[in-house]
Amino acid sequence: MEKEWMTEHNDLLEVRTCAWSPPGDHPVGCGLKLFVKEGKLVKVEGDEEHPVTKGRVCPRCLSLPEYVHHPDRILYPMKRAREERGQDTWERITWDEAYDIIVDKTNEIVEKYGRRSIVEFTGTGREAVMYCMAFLNGVFGSPNVSYSQSGFSCYGPRTVLTAYVMGVGYPEIDNASRFSDTYDHPGWELPKYIMLWGKNPLPSNPDGFFGHSIIDMMRRGTKLIMVDPRMNWLATKAEYVLQLRPGTDGAVALAMLNVIINEELYDHKFVDEWCYGFEDLRERVQEYTPEWAEEVSWVKADLLRSVARVYATNTPSSIGWGLAIDQNKYGIQLGHAILALMVITGNFDVPGGVSIGMRDDTLEPLQTLNAWKIMPPEVKEQQIGKKEYPGLVNVLGQCQPDCVLDTLETDEPYPLRMGFFESSNLLSPTASAQPERWCGALQKLEFSFATDTFMNPTIMACADLFLPLSSLAEHDGIVLTHYGLNLSFMGAINKALQVGECKSELEIMLDLAQRLNPDEWPWKTPEEYLNAKLGVLTWDGLREKGVVQPQVEYRKYEKGLIRHDGGLGVNTPTGRIELYSTVLEELGEEPLPYYHEPPYSPISRPDLAEEFPLILTTGARTYVSFHSEHRQVPSCREIVSDPIVEIHPKAAAARGIKEGDWVLIKNMFGEAKERAHLTPIINPQVVHAQHGWWYPEQDAEAPHLFGVWQSNVNSLMPHKEIGKIGFGSNYKSTLCEIIKFESEG
Ligand SMILES: Nc1nc2c(c(=O)[nH]1)N[C@H]1C(S)=C(S)[C@@H](COP(=O)(O)OP(=O)(O)OC[C@H]3O[C@@H](n4cnc5c(=O)[nH]c(N)nc54)[C@H](O)[C@@H]3O)O[C@H]1N2
Ligand SMILES: Nc1nc2c(c(=O)[nH]1)N[C@H]1C(S)=C(S)[C@@H](COP(=O)(O)OP(=O)(O)OC[C@H]3O[C@@H](n4cnc5c(=O)[nH]c(N)nc54)[C@H](O)[C@@H]3O)O[C@H]1N2
Ligand SMILES: [Mo]
């Protein structure tokens with residue numbers, strides 16, 4: 001894409017860029033053309049020259065002008081007295097005043113409690129993930145970065161498990177996105193089947209994967225297998241649908257392994273040469289027969305057998321594993337079983353199978369993890385959750401989130417007293433379990449500040465200082481698909497306009513670094529920083545190219561391209577892919593995958609199921625919101641206006657519920673009000689509720705806080721009901737009852 005990135009046609013400025021955030025998105029780096037007239041963003045189009053997205057864009061990008069110029073955007077730094085938390089008494093200040101306050105408070109709090117008392121609350125993979133660790137570790141000198149979802153149950157479990165079992169970065173469907181000629185690339189093969197497991201990439205485009213490539217590949221002949229309790233749109237186009245009971249995925253995966261192994265459908269040569277512990281796995285899966293799995297998961301044994309056979313005998317085929325793996329208390333075991341399915345069938349690191357990253361150090365040039373690596377060991381030792389959950393904390397370099405809530409509440413093992421909200425509105429969808437508890441606990445912070453684009457319930461309730469953030473159209477930066485963990489490409493984010501006094505994450509980080517830790521931070525501007533970090537490329541070089549695609553090699557394990565020592569195989573203690581995981585064993589977990597019932601199911605808790613007979617899954621993504629974002633964007637809100645709970649017509653009829661009724665979703669932990677949508681896509685015993693709802697149009701002040709407590713499904717989620725090594729949660733399977741809400745709206 002050797003293109004000029006900025007052109008002028010009369011009074012219209014056209015800027016080509018790659019999308020990231022804000023507003024929220026995962027790093028697919030979609031190609032956009034931004035049109036600016038008289039300093040205003042007037043239109044967004046997809047960039048047909050972008051090698052991967054080729055002009056396709058989502059409604060969230062198309063509505064960017066409404067977001068950028070929204071009257072509620074916060075355009076200047078603001079402060080408020082600590083005693084006024086919850087009140088809309090914000091006062092405009094200058095950037096210098098804002099930075100002075102942060103510096104003074106940091107010095108005061110470090111003096112009283114030490115650097116470790118500073119905690120950063122970060123969210124999912126937006127641009128902030130690129131900088132969050134450098135920011136807190138490198139600028140503030142604290143080890144406590146907290147992604148606050150119970151059990152760190154997003155992406156972390158899948159990546160860490162992959163590191164343990166395969167010694168490489170995250171496995172992804174090989175959709176040819178790394179080649180400039182994509183699907184026509186010589187040597188790339190079309191996957192015969194793609195199994196989408198608890199993943200719906202059309203709306204979600206998760207973690208760098210361009211969801212629409214599924215459609216591109218289907219047009220060329222790829223067939224789909226869906227493992228999902230909801231018959232979503234893709235499922236209606238699939239060859240096979242395993243409509244399982246939420247949370248029972250482990251049973252299905254283990255039974256598929258049982259069929260593939262017992263019917264000798266696996267790749268014997270690959271297993272012999274590159275896998276460790278296959279015979280143990282063979283023994284382990286004997287108890288998990290398809291008939292047993294049918295009872296547990298509701299998936300018919302014959303269907304399960306057919307799918308296992310079809311998948312194993314059509315090579316190459318691929319598996320896309322989704323969030324339902326992480327949001328499962330036993331997600332580590334489930335993920336391990338799915339990795340085994342990817343591997344023993346000969347689909348590992350081959351064209352059209354699952355592609356994997358190179359060595360696990362690709363992020364380093366951007367100094368995301370570097371700051372972590374240079375932290376003194378005695379500081380790292382003190383990281384929240386490290387003693388209880390070293391298997392999580394040591395690999396991710398971040399806190400175990402449930403332990404952060406415990407620490408905020410108890411001051412054990414030491415007090416946390418200064419907070420930085422960076423890319424998380426954690427009271428609305430993330431604060432996992434028990435957002436009310438989080439809200440109370442966060443009040444103990446003596447000082448906290450936030451970077452964001454709009455006021456939100458978390459900042460209104462908990463912060464003392466607001467730093468206004470520029471949107472993706474308003475700053476320079478880079479996007480690294482898959483966060484650099486997988487074979488990814490890099491794209492330039494180009495500034496098209498300035499709005500108010502907003503600054504980017506990178507600018508704010510560098511400004512604060514100059515004031516708090518100048519010796520370690522010689523770079524003053526984003527350009528200086530990026531030039532120092534991009535390695536062979538300069539920032540100007542990158543923006544001229546637009547997108548830089550990596551060199552791809554398949555079968556890296558047989559070329560010495562994975563291990564740090566250059567040897568064959570992968571980066572595990574045995575050098576092989578560990579179907580029997582010596583690392584899990586070392587961490588006190590079982591080395592082989594197993595199945596346990598979800599902690600709150602009709603089978604594990606028949607006592608609770610009497611009162612709460614429905615199985616609740618939550619949070620399936622929509623096209624028009626990114627978690628709690630976009631609720632104030634008119635075009636997006638028009639498409640999904642209210643929080644929707646999907647319920648089968650039979651279940652609804654039994655409760656006197658009609659389409660569009662407001663209902664109360666209740667369980668042993670809490671309740672949330674949503675609007676019923678009657679649909680046959682879901683089993684009568686299962687309901688699905690949207691997450692991330694608040695009402696920007698409602699009263700901002702506490703206790704109302706934009707209605708954040710009205711439709712907060714995370715009030716129904718347990719705290720610290722997690723797996724043995726600190727991962728996993730129950731967002732995709734718990735119990736509830738639904739009743740018609742009598743008073744209007
Ligand atoms: N538009 C948009 N895109 C997003 C986001 C967003 O908020 N909006 N969020 C981003 C983030 S942080 C993430 S992690 C990704 C997640 O993206 P995905 O991995 O695609 O996850 P979800 O959309 O949560 O759910 C995917 C599917 O899992 C199904 N499911 C529910 N319960 C279960 C279960 O127990 N087992 C199985 N097998 N399936 C189940 C749902 O019905 C749904 O179809 O999306 C990212 N992309
Ligand atoms: N019940 C239920 N709950 C869930 C889920 C579910 O499936 N079910 N999914 C969970 C998952 S997987 C995740 S990852 C979490 C996500 O949760 P979070 O990532 O915490 O998402 P938000 O709460 O929307 O908060 C993000 C905030 O960051 C701001 N923002 C956007 N872009 C940027 C940026 O580039 N930099 C900065 N500094 N700020 C930015 C937004 O305006 C917004 O206020 O939610 C979780 N919550
Ligand atoms: Mo996520």
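Reader: What makes β10 and β14 count as a pair, and in which sense do they run?
Author: This is a predicted model, to begin with. In it, strand β10 (residues 193–197) and β14 are joined by four bridges, in the parallel sense. Pairing takes at least two bridges, so four will do. One spot to look at is L196, which sits opposite G320 in β14.

Reader: What sheet do these strands belong to, and what makes a strand in it an edge strand?
Author: The sheet is open and has four strands, in the order β12-β11-β10-β14, with parallel pairing. An edge strand pairs on one side only, and that holds for β12 (240–242) and β14 (318–321). From one strand to the next, the twist averages 15 degrees.

Reader: Which helix lies across that sheet, and at what angle to β12?
Author: Helix α12 (residues 301–313) lies across β10, β11 (223–227), β12 and β14, and runs at about 125 degrees to β12.

Reader: There's another sheet with β23 and β27 in it. What kind of sheet is that?
Author: It's a barrel: six strands close up in the order β23-β27-β24-β26-β25-β28, and the pairing is mixed. Neighbouring strands there are turned by 45 degrees against each other on average, with direction ignored.

Reader: How do you know that β23 and β27 really pair?
Author: Count the bridges: four of them join β23 (residues 614–618) to β27 (residues 686–689). At least two are needed, so the pair qualifies. The two strands run parallel, and L616 stands opposite V687 in β27.

Reader: On to helices. Why are α8 and α11 called roughly antiparallel?
Author: The axes of α8 (residues 249–262) and α11 (residues 290–297) cross at roughly 165 degrees, and they come within 9 Å. Anything over 145 counts as roughly antiparallel, so this pair gets that name. The crossing of α8 past α11 is left-handed.

Reader: What makes up the contact between α8 and α11, and how does it divide by class?
Author: From α8 come A251, V252, A255, N258 and V259, and from α11 come P290, W292, A293, V296 and S297. That gives eight nonpolar, two polar and no charged residues.

Reader: What makes the W292 and Y595 rings a pair, and which kind?
Author: Their centres are 5.6 Å apart and the planes are 75 degrees apart. The limits are centres within 6.5 Å for a pair and planes over 60 degrees for edge-to-face, so this is an edge-to-face pair. W292 is in α11, while Y595 is in the loop between α24 (582–586) and α25 (606–611), 303 residues apart. The whole structure has 31 aromatic pairs.

Reader: Why are α3 and α21 called oblique?
Author: α3 (residues 95–113) and α21 (residues 505–516) have axes that cross at roughly 55 degrees and come within 11 Å. Roughly parallel needs an angle under 35 degrees and roughly perpendicular starts at 65, so the pair is oblique. The crossing is right-handed. W95, D96, Y99, I102, V103 and T106 of α3 meet E507, I508, D511, L512, R515 and L516 of α21. By class that's seven nonpolar, one polar and four charged.

Reader: Where is K503, and which residues does K503 contact beyond its sequence neighbours?
Author: K503 is in the loop between β20 (490–493) and α21. Leaving aside neighbours within four places in sequence, K503 contacts W95, Y99, P468, L469, S470, I508 and D511. K503 and W95 are 408 residues apart in sequence, yet their C-alpha atoms are 9.8 Å apart.

Conventions:
Residues are numbered from 1 along each chain as its sequence is written. Chains are lettered from A and ligands numbered from 1 in the order in which they are written. This is a predicted model: local features need pLDDT of at least 70, side-chain atom pairs count only at pLDDT 80 or more; totals for chains, interfaces and linings use all residues. Side-chain values use heavy atoms; hydrogens and water are left out. Axes are lines fitted to C-alpha atoms, for helices over the stretch in contact, and angles run from 0 to 180 degrees between N-to-C directions. Angles under 35 degrees count as roughly parallel, over 145 as roughly antiparallel, 65 to 115 as roughly perpendicular and the rest as oblique. A crossing is left-handed if the near helix is turned anticlockwise from the far one by less than a right angle, and right-handed if clockwise. Contact means heavy atoms within 4.5 Å. Ala, Val, Leu, Ile, Met, Phe, Trp, Tyr, Cys and Pro count as nonpolar, Asp, Glu, Lys and Arg as charged, and the others, Gly among them, as polar. Rings of Phe, Tyr and Trp (its six-membered ring) pair if their centres lie within 6.5 Å; planes under 30 degrees apart count as stacked, over 60 as edge-to-face and the rest as tilted.
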